[in-house]
Amino acid sequence: MSAAMKLDPRDRGGPAQPLLSVEGLKKYFPVRGGLLNRQVATVQAVDDVSFSVRKGETLGIVGESGCGKSTTARLLMRLMDPDSGSIVFDGDPVGERAGITVNEMRRQMQMVFQDSYTSLNPRMTMAESIAYAPRMHGTPRKEAFDRAETLLAQVGLNPRQYARRYPHELSGGQRQRVNIARALALEPRLVILDEAVAALDKSGEAQVLNLLGDLKSRFNLTYLFISHDLNVVEYMSDRVMVMYLGRVVETGPVEQIYRKPRHPYTRALFASKPTLDPDRRTTEMPLTGDPPNPINPPSGCRFRTRCAFAQAVCAEKPPPLAAPLDGETAEGAPHLVACHLPEAQAAMGVSAHA
Ligand code: SF4
């Protein structure tokens, strides 16, 4: 879902400069135990993750539960500190002397969570919730509340009807619209949508997805769209990044990844995707078993314990993200795969009569 690129007055580096660049992001959580509550192990939640998001695009992040996609989002928002790695927002390193502060970055980067109810303060009306952040940033009360009512209308909720309601008086879809309005209140440039439609029924999901598309064009937004739902990610994204056990295993343009996935994990993940289209049914084996324990992940390629192609080299060193080994390259944005073996990167088998 591409949006026409408009010039943002806050754009410092021109449209070619990525809005967000992440390099070597790492987060390990200590596991404590024993009588003295000593650290006995670490959970490698996010391990050496690098990517960038261009201005005006939607980057989809997919993977099974526990693959590190939501932790990555929380690290970007600095809801927790990374162990290492750098985050650069429109050319400015975040939290460094020569760059922008975490608070300034948070003004320009907002997040919508899955649980629409716990995201809202039950004691605040919808208008108060939306006006809260602008008020904290010094916007006069009347101006903040006028803007809250405008935003309510822009997300499809009549302010006369909804401005004075409390969260328990709204449906899940209506609450998520309020959360989107709240995220837009500080006029961000990038919005992280972390499973933002996962809790909605199909009709609510379709309405919110269409709303997100409209708002993206209207406000010249860039999205980081995190979801476990492959169909939703395909609908929303320009590029896709696939994560497995804290690492990126494949990334590229959405049509390239969905038409010709290369990493054995991506192919197995797509094989388990329900489809009614006979042309898109696959002969690939679906993914079986649970991901390994992130406390003690496999050496080398983390997918090797579930990969049908694994060989000795797969246990020796982690495969770097690189262009597919058969020499085929994607046009435009690069298609990158983290796999040692060319024979394992064969395109997914597709059968019209599978
Ligand atoms: Fe499978 Fe080895 Fe490729 Fe990992 S590196 S996906 S184990 S073939």
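Author: Gladly; let's start with burial. A residue counts as buried under 20% relative accessible area, as exposed over 50%, and as partly exposed in between, using a 1.4 Å probe and protein chains only. Helices (H or I, at least four residues) and strands (E, at least two) are DSSP runs, numbered from the N terminus. With those terms, the buried residues of H1 are Lys 69, Thr 71, Thr 72, Ala 73, Leu 75 and Leu 76. Before we go on, note that this is a predicted model, in which local features need pLDDT of at least 70 and side-chain atom pairs count only at pLDDT 80 or more, while totals for chains, interfaces and linings use all residues. Residues are numbered from 1 along each chain as its sequence is written, and side-chain values use heavy atoms, with hydrogens and water left out.

Reader: Why is H1 described as largely enclosed by the rest of the structure?

Author: Helix H1 spans residues 69–76, and six of its eight residues are buried, so the helix is largely enclosed by the rest of the structure. Arg 78 follows H1 and has a positive phi, near 60 degrees.

Reader: Now the sheets. What order do the strands of the four-stranded open sheet take?

Author: Two strands are said to pair if DSSP finds at least two bridges between them. Here the four strands are ordered E2-E1-E4-E5, and their pairing is antiparallel. E2 and strand E5 (92–93) are at the edges with a single partner strand each, so one side of each has no neighbour in the sheet.

Reader: How many bridges join E1 to E2?

Author: Twelve bridges pair E1 with strand E2 (residues 38–53) in the antiparallel sense. Along them, Phe 29 stands opposite Val 43, and Pro 30 stands opposite Thr 42. The two strands form a hairpin with four residues between them, and Gly 34 in the turn has a positive phi of about 80 degrees. Strand E1 (residues 20–33) also runs antiparallel to strand E4 (residues 84–89), joined by five bridges; there, Val 22 faces Ile 87.

Reader: And which strands are at the edges of the seven-stranded sheet?

Author: That open sheet has mixed pairing and the order E6-E7-E8-E3-E9-E10-E11. Its edge strands, each pairing on one side only, are E6 (109–112) and E11 (336–337). Inside the order, strand E3 (residues 58–62) and strand E9 (residues 239–244) pair in the parallel sense over four bridges, with Ile 61 bridged to Met 241.

Reader: Let's turn to empty space. How is it found?

Author: Rolling a probe the size of a water molecule over the atoms shows where empty space is left. On a 1 Å grid over the protein atoms alone, a cavity is a set of points where a 1.4 Å probe fits but cannot get out; a pocket is an open set with protein on both sides within 12 Å along at least five of seven lines; lining residues have an atom within 4 Å of a point. Grid points are joined across faces, edges and corners, and a volume is the space filled by probe spheres set on the points. In this model there are two cavities of 30 Å³ or more.

Reader: What volume does the largest cavity have, and which residues are closest to its centre?

Author: Its volume is about 100 Å³. Of its 14 lining residues, Cys 301, Cys 307, Cys 314, Cys 339 and His 340 are closest to the centre. The ligand takes up this largest cavity, where a molecule sits in a cavity or pocket if more than half of its atoms lie within 2 Å of its grid points. As for Cys 339, this residue lies in the segment after E11 and is buried, at 14% relative accessible area. Its C-alpha atom is 8.5 Å from that of Pro 324, 15 residues apart along the chain.

Reader: Which elements give two or more residues to the lining of the largest pocket?

Author: The largest pocket holds about 530 Å³ of space. Its lining has 21 residues, with Gln 110, Tyr 132, Ala 133, Arg 182 and Leu 186 nearest the centre. The elements you ask about are helix H2 (102–108), E6, helix H3 (126–136) and helix H6 (172–184), and H3 gives the most, four residues.
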